[in-house]
Amino acid sequence: MKWFQCYAFIILLFVVNARCEFTSWRLPNTTTPIEYNISVKVVSKSLYQISEEFSGIVEIKVKVTEETSDLYLHSKFANIFEIVLTDVRQKKFPVDFKSIPERELVHINSFNERLIVNEYTIKISYASKLRTDKLGFHLSSYVNSVGQKIDIASTQFAPTEARHAFPCFDEPKFKANFTVSVTHPKEYHALGNMEIASKDEMNGLYTTTFRQTPMLSTYLVSFIVSNLPHTTIQRKNFTQELYVKESGQPFVKDGEQFAADVLQKFMETFDTAPLPLTTMKQVAIPNFYFNGMENFGSVFYNEHRWFYDPAVHSIDKLLSLKALLSHEMSHQWFGDLVTMEWWTHVWLNEGFATLMGYYGTEMVDPKSNIMQQYQTDVFMNAMIVDEAKDIRYMSKYVEVPEQIMKHYDKIAYDKASCVIRMFEDAIGKKEFKKGLDLYFENKSFKNANEDDLFKYLQDGIAFFREPDIDVKDKMSVWTGISGLPVVNVSVDYLNGLVKVEQKRFMSKNTRLWPIPLTFISSSNATKSLYWLTMKEQALKIDGGWSLQWILFNVNQRGYYRVNYDQNTWKMLGQVLRRNYKTFSWENRAQLVNDAFDMARTHYVSNFSLVLDLLHFYQNETELSPWVVFDKHVSMLSSRLSGFEIYKNFENFMKFLLLDQRKKVLKEKYESPTDRLARKMILKNSCDLEECSLDENDVDLRTQYYCGLLRKNQDQIVIAKVNEISDIGLRSEVFRAFGCGTSGVLKKLLSETLNTKNNWSSSEIKVIYESMYRKSSEGFESVLQFWLENIDDVAKLLTIDGFNDIVVEASKFANTESNQDKIRTLVSSGDIFKTVTKEATEENIINTNLWFSWHKDNIDQYLQQYNGSQSRLFGAGFLILLVVGFTLF
């Protein structure tokens, strides 16, 4: 009996010990950091060559909130020499410590004495190595004007890599004050979040100490050791310092001025939450991991995003730079001042910053008309991503670092910005802005979750009027459901009744959204708002029997698609023909985009309704509708390529485009969006009839090289691209490769295996894409090349990269021959995964379904409208005559 009791006691001890082993990725809530004192030392192995080893000491003042003998911090790759634990009276506690590398933790145990609720200091001495993967505290380099290699040591801590540079509480909710000192070789200088407090020399090294930060999360701490020179701009509220290598300085002037202007504008806009800094540092780093990183007071960028030369670069690069700078500057509020509690709500940072990237650009440069790019590049792209069956919802919980990194996706950035903008429109701009002011006033230097945002937006409404919307009730549905809705509209024109029905687009899921339906009609041009919360609802429209058309989602502020009954699609197409400016440019782009996507998914079975919408492009001048045209018509062209119907399709495109081409070739455009609209028109029309383009027209570089490749001048193009070092400019040339003739395509494909060209794997991917997207002939050439060179292509792209591009290419397999080729490819060897084979087959099935739904209808439509120009005119005149008769 005693033996059994003893045995049971041993088992119990074992179980208790097992439970004490920490297995979560989250830190316990028994300890909270108050402030850090971080000292990091970097040394040289030779002039401008930084040693990979670095050392550090971190002192963390913490508050123990529950009695415990176990402390946990994050640490990654560090060799910890010593940990000293003391209380406020400098009493030293004997501790044992152990690294848990599989959880990126260090466990500290005060085994002789439990720690009562009190403040303590943890002092940790450690050493580690600078990384080469561009994360954590890492090395990069550049070559200066005299050919000398210069090393840089800089940080990239988001989302979970501060733990590499110093042991810490590496979770966003553990905000603290940071004082950082960096010891570095004297040929370098150091930068941190804050202004320099002191700089001391000892033993040939400088120690630069920075002023203490406000309350920050660890991922926003930053420091860099470099010799990058800087320029300075003074603004009303701050000084801006821009650090960039000497050879890049002539190409950053546009961005430099804009960055200072947009930060000043945000300071004025969010004046209820002033930034506690006097200097904003913008640092352009070679080969930086992200396009930009919003470290508080010291924003890091990939340097290539800053470089803009109007004599060399297309105007869209400047617009992209402005949106990026606005995005990062707005993060000083959305993310830095107010930080999400946990990565579940990373969209509170990135969704707002994405939207502010465009709002900020528009505030500083109204002539940019950049919201046209927002509609096509953010809004419409978010919808495509969001239609996937397995897509996540906005506020999905994650815990493992790899999952957290993947949360920085199109849902957090693009979809979130669309949902935010939709509620801004539904709530009212002044009410929404008041809500944000309250959000900053109450949560600055603190953490927030979505409920905090909902509360203050609700208070913003209440400040101006009696609340007529429960923000949390409605907005939480959008953050908690994946996918997006489509609203089906059916109109009874005789009685002025409209039936609206919602469902998840591309899914049988029966979840419902609270949708802020907005609409205008022939009877009432003033926007009306109705919240659709049920599956379906009937609406009575003003005007009754005189109703001729109705349009939903005014200016496309709502994050939902709209599908109309066949008669209403016809009516909307007729309105566009009569006077396309009846609808805003947002709605013109929306109508065409929704129509093509409804046909793609068989919500619309009569493709002639889609093609009928396109006639207004004979007069269209705005960018957003033209980007939509380019996206969908390019895909339609690829689908029809190789069939007899293609000649009629070309004739139809000529009817739409050639007069527009004459106009834009004659005129000179200054507005960025006008220049880009011209680019879209010429991109599509120059494929139909050869254009005479200027080699120095920076907006038309791809089209110019397309013309050379059509004339079999491939060697000139290859020589030219190999002369160019700017990766953006090289990409513009590579995108022209799909324009080559059959013989040229084969030559260009063989050049992708020529190592002398020094083309990167991402550039080779662009070449392949330009070919298989362009035409059936291009697709066939690429597939044959892949079949003949499977192993070599897999080495170029990596096995995962090869699998990904094959799945994408399978969407363009439009003929039986091409479909057989791609099936043969994915069945060859072990390179292609089961999931790749399944996705490829699904794409082929979808393509064949599309042809079964639409090919005959398209063929009939194009035959009818393309017998001759006179037949086209006659058909159009007849429709207008019928419409005119209907009006009377």
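Predicted model: local features only at pLDDT ≥ 70, side-chain atom pairs only at ≥ 80, totals over all residues.

**Stop 1: the loop between β3 and β4**

Select phenylalanine 77, which is found in the loop between β3 (70-74) and β4 (79-87). With the surface displayed, phenylalanine 77 counts as exposed, because its relative accessibility is 58% and the exposed class begins over 50%.

**Stop 2: a cis peptide bond**

Next, select alanine 158 and proline 159. The peptide bond that joins alanine 158 and proline 159 is cis, with omega at about -5°. Proline 159 belongs to the loop between β10 (149-156) and α2 (162-165).

**Stop 3: glutamine 249**

Move on to the loop between β17 (239-243) and α3 (253-269), where glutamine 249 lies. Which residues is glutamine 249 in contact with, leaving aside its neighbours within four places in sequence? Select Pro229, His230 and Val244 to show these contacts of glutamine 249. Glutamine 249 counts as partly exposed, because its relative accessibility is 22%.

**Stop 4: helices α5 and α6**

Select residues 347-364 for helix α5 and residues 371-386 for helix α6. The two helices pack at an angle of about 160°, and their axes are 9 Å apart. That angle makes α5 roughly antiparallel to α6, the cut-off for this class being over 145 degrees. The crossing in which α5 passes α6 is right-handed.

Now show the side chains at the contact. On the α5 side are Thr354, Leu355, Tyr358, Tyr359 and Glu362, which meet Met371, Gln373, Tyr374, Asp377 and Val378 of α6. By class, this contact of α5 with α6 comprises 6 nonpolar, 2 polar and 2 charged residues.

Keep α6 selected. From its first C-alpha to its last, the 16 residues of α6 reach 21 Å, close to the 22 Å expected at 1.5 Å a residue. Is α6 largely enclosed or largely open? Since 12 of its 16 residues are buried, α6 is largely enclosed by the rest of the structure. Among the buried residues of α6 are Met371, Gln373, Tyr374 and Val378, and these four also take part in the contact with α5. Phe379, Met380, Ala382 and Met383 are also among the buried residues of α6.

**Stop 5: helices α9 and α10**

Select residues 429-443 for helix α9 and residues 450-464 for helix α10; their axes come within 7 Å and cross at roughly 130°. That angle makes α9 oblique to α10. Here, too, the passage of α9 over α10 is a right-handed crossing. The α9 residues in contact include Phe432, Leu436, Leu438 and Tyr439, while those of α10 include Leu453, Tyr456, Ile461 and Phe464. By class, the contact of α9 with α10 has 10 nonpolar, 3 polar and 6 charged residues.

**Stop 6: the loop between β24 and β25**

Finally, select methionine 506, found in the loop between β24 (497-504) and β25 (515-521). Phi of methionine 506 is near 65°, a positive value in a residue other than glycine. Methionine 506 counts as partly exposed, because its relative accessibility is 35%.

Note on methods
Residues numbered from 1 in each chain as written. Heavy atoms only, no water. Axes fitted to C-alpha atoms, helices over the stretch in contact; angles between N-to-C directions. Parallel < 35°, antiparallel > 145°, perpendicular 65-115°, else oblique. Left-handed = near helix turned anticlockwise from the far one by under 90°. Contact = heavy atoms within 4.5 Å. Nonpolar A, V, L, I, M, F, W, Y, C, P; charged D, E, K, R; others polar. Expected span 1.5 Å × (residues − 1). Buried < 20%, exposed > 50% of the residue type's maximum accessible area, 1.4 Å probe, protein only.
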